[in-house]
Amino acid sequence: MTMVKNMSAGRAVAAALMLGTALATGTAWTAAARAQTAAEAARHDFDIPAQKLADALPAFGRQAGIQVSAHGDLVREAMTGGVSGRLTVAAALDRLLAGTGLSHRLDAGGVVISEAAAGNTTLDPLMVQAARSADAFANAADRAGSLTVTREDLERRNPATLKDVFAGEATVSVGGGQPVAQKIYVQGIEETNLAVTIDGARQNNKVFHHNATTLIDPALLKAVRVDPGVAPADAGPGALGGAIVYETADAADLLDPGEMAGGYVSTSWDSNGNTFTKGGSVYGRTADGFEGLAFFKQADGDDYEAGNGREVSGTGAGLQSILLKGAWESTDGHRFELSGEQVQDDSVRPFRANIGRLTNRPADNRLYDLRRRNLVATYEDTTREGMWNPRVVLGWNETDLGVPSPDDTVVYSHGETTSLSGRIENRMFFTPDDSVTTGVDFYDDEAAYKDRSSDMSETATNLGLYAQARLQPVDRLRLSFGLRGDQQWFEGVNGTEIDHAGLSGNASVAWDVRDDLTLKAGYSNVFGGIALAENFVMNSGWDYSGGIKPVRSDNVTLGAEYRLDGFTFGAGVFRSRFEDARNESWRDGPAGNLDVETEGYVLSAAYGWGPGFARISYTDTRLTIEGKPGDSDIGLYLGSPVGRLIAAEIAHRFETTGLLVGATVEAGFENDDLVSEGYETLEAYQSLNLYAEYTPDVVPGLTLRGEVNNVFDQAYADRTTYGQEFSNVDPIYEPGRSVLIKATMAF
């Protein structure tokens, strides 16, 4: 047995954390002297189109990061012309409420909407909008480079897969053709190198390289936040290339103002694959703070056809998802929540689920039984003011994959990853824009594999301490900086124990040079410990004495944003370097330490015109592994040869008719980076998707939707789909042209 201990590193972690926390707290106490003045002067980015005021208020609360209260009867029939631009809360509210006959009042509890006539407020504020779902740090410097997919985005895009969730966003790429094989890459970095959470619970989903990493049904979600490259210390351990934060829906997200109970049923049909989807949800809340939600969805279908007219074997839909949530929140903001969700795909897939076929091997299919479960218990003080705002999260998740023998009678290989994780933290708010978060977190992860002759596992336990300060020392300057220390205990398949400790630091700045121009930058250096091996390549004969090392990353981002008359233009560059990234191999051993780098740039433009918007983004991302262009095989759990991509989205809502129309576009440019290594050129492609949604007044609660996806019937594989550079691989092609019809009835 080999034992590697680093006690001096542990003492250094503790000392550095105490020093960092003291410095951050001292700086924030200085900021407290100007608390209320700074709160009123703080500026936020708003982008709220014309719509019903009752629908606009939750979005306003999220974008301002504050609680908005009003009586449902007061705002239900009011319309707003919307608001956009970087403004103070008061100025934005003035524009949002213009012409409604309503006024607002700012106080320590947030915003209260009332009737405009002095002394004539006849209805007490009974409804609370967006207090819980709003990001408390939405205006912080470490969020300036984040990509947020809101509930409004999800409802508009009607995503069936994670690829649809990020439609129109070039920074995030999702390849694989079908949910069971889809992997996410952020600025070219694969998701196992990011801190991924669902409802605050850490995810440990690295099971099989032919499968999706985090299988999740987008219908469960209310929001997704991606921190590309640089993530704050409170994002959790292992944020080597950033973070992904998934949040599932609450009852309050689905209920209209003043409603206490509701639900919906929906069904859809997709012509390509003859796929039927059915589902529904019921949810409610009581006057004394209790709420609950139950959700179910089932999708079944046949194999779909690619744009070349060929059936893509093993791509039939077979996804089932369940979400249960219960919560209680007191009148003074103490919230207890328990949630459980499960997603399962149990269908026949290609023998290697992320490959159409290998031309030099038989094209067999086999049954894949993939299930991911997530349980989370949370306590949070939602008031978000003063020095004591505790948050406690305890989570458990499991990803389980069984692959049977060819005759479908005996499971001969089985992989299971589990994670028990938690955190206890306190968020000290000196003003709405000046805070310090300190806390402790842990995880206990296991990757296990069984077959007829093997039973083995690797485990990793980690204890972390962290502090993150988010400050606005002057009106136009936002700073965020943090420090965390982690102690990891790793055990290999043969009982080898290895201990490592390390420090991680991050810093971000956002400077509003003028009302229309913001400059932003971020840097992080992150200790990642030893990543657990993929279950299906573990080997009981591995020898860990050869020098398996903890991975460390170095990330830099620079960017600018310019706003003019409804237009927003953005530009940024990024670079992420990983040292000693683990790339284990069944044959070659448990280490395979590699140096990996992605670098590139992003350009974006957007225009909003009240009831509509148009957005486009372009990225050029280059991946190198050990100094050479990286391919999708070595890079499966590291990165992808993304190259140049364009993504766009446009939508317009006709308020008087209840009609929404829109489109998304994705295009990949030809990529010949790997030709010098003897591989094939990655072909160019483009795909256009159209959608329309109609809510007729004559049938309250009914929403009808139609989509035409891949309009030009393009035969293509998404740029981050495995194997396109190899001459012996037929990749999983995306579906060809399809027509989808969906009906939803809310009650």
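This is a guided tour of one predicted model, stop by stop, with what to select at each point.

Residue numbers start from 1 along each chain as its sequence is written. Because the model is predicted, local features need pLDDT of at least 70 and side-chain atom pairs count only at pLDDT 80 or more, while totals for chains, interfaces and linings use all residues; side-chain values use heavy atoms, with hydrogens and water left out.

**The whole chain**

Begin with a cartoon of the protein, which has eight helices and 42 strands (DSSP runs numbered from the N terminus, helices being H or I of at least four residues and strands E of at least two). Colouring by accessibility shows that buried residues make up 56% of the 747 residues, where buried means under 20% relative accessible area, exposed over 50%, and partly exposed in between, with a 1.4 Å probe and protein chains only. The protein exposes about 29,600 Å², of which carbon and sulfur atoms supply 56% (Shrake-Rupley method, 1.4 Å probe; for residues, only the protein chains shown count as cover). Of the contacts with a separation of 6 or more, 66% are between residues 24 or more positions apart, a contact being heavy atoms within 4.5 Å.

Select β10, β14, β15, β16 and β17, which form an open sheet of five strands in the order β10-β16-β17-β14-β15, with mixed pairing (two strands pair if DSSP finds at least two bridges between them). At its edges stand β10 (147-149) and β15 (201-202), each with a single partner strand, so one side of each is left without a neighbour in the sheet. Within this sheet, β14 (residues 195-198) and β17 (residues 242-248) run parallel and are joined by four bridges, and T197 has V245 in β17 as its bridge partner.

Next select β11, β12 and β13, an antiparallel open sheet of three strands in that order. Here β11 (172-175) and β13 (189-190) are the edge strands, each with a single partner strand. Four bridges join β11 to β12 (residues 183-186), and S173 stands opposite Y185 in β12.

Which residue of β22 is the bridge partner of L319? That partner is D345, whose side chain also meets R349 in a salt bridge (2.9 Å, N to O), defined as a side-chain nitrogen of Lys or Arg within 4 Å of a carboxyl oxygen of Asp or Glu. D345 counts as buried at 2% relative accessibility, and R349 is likewise buried, with a relative accessible area of 2%.

**The largest nonpolar core**

Show the side chains of Y283, L401, F536, M538 and Y544, which touch the most other members of the 38-residue largest nonpolar core (buried Ala, Val, Leu, Ile, Met, Phe, Trp, Tyr and Cys residues joined through side-chain atoms within 4.5 Å). β27 gives the most to this core, with three residues. Leaving aside neighbours within four places in sequence, Y544 is in contact with residues including E458, F490, R582 and P590. A second, separate core of 30 residues includes V165, L194, V226 and Y246.

**A533 and its surroundings**

Select A533, in the loop between β31 (517-529) and β32 (551-564); A533 is buried, with a relative accessible area of 0%. Beyond four places in sequence, its contacts include M538, W542, R582 and E584. R582 and E584 form a salt bridge with their closest N and O atoms 3.8 Å apart, and R582 is buried at 8%, as is E584 at 11%.

Finally, select R705 and E693, whose side chains meet in a salt bridge (2.8 Å, N to O); R705 lies in β40 (residues 702-709) and E693 in β39 (residues 685-694). The search of the whole structure finds 51 salt bridges.

End at F747, which follows β42 (738-746) and is exposed, with a relative accessible area of 55%. F747 belongs to a nonpolar surface patch with V265, V282, V698, V699 and M745, together about 550 Å² of accessible area (patch residues have over 30% relative accessible area and no salt bridge, like charges being joined within 9 Å and nonpolar side chains, Val, Leu, Ile, Met, Phe, Trp and Tyr, within 5 Å).
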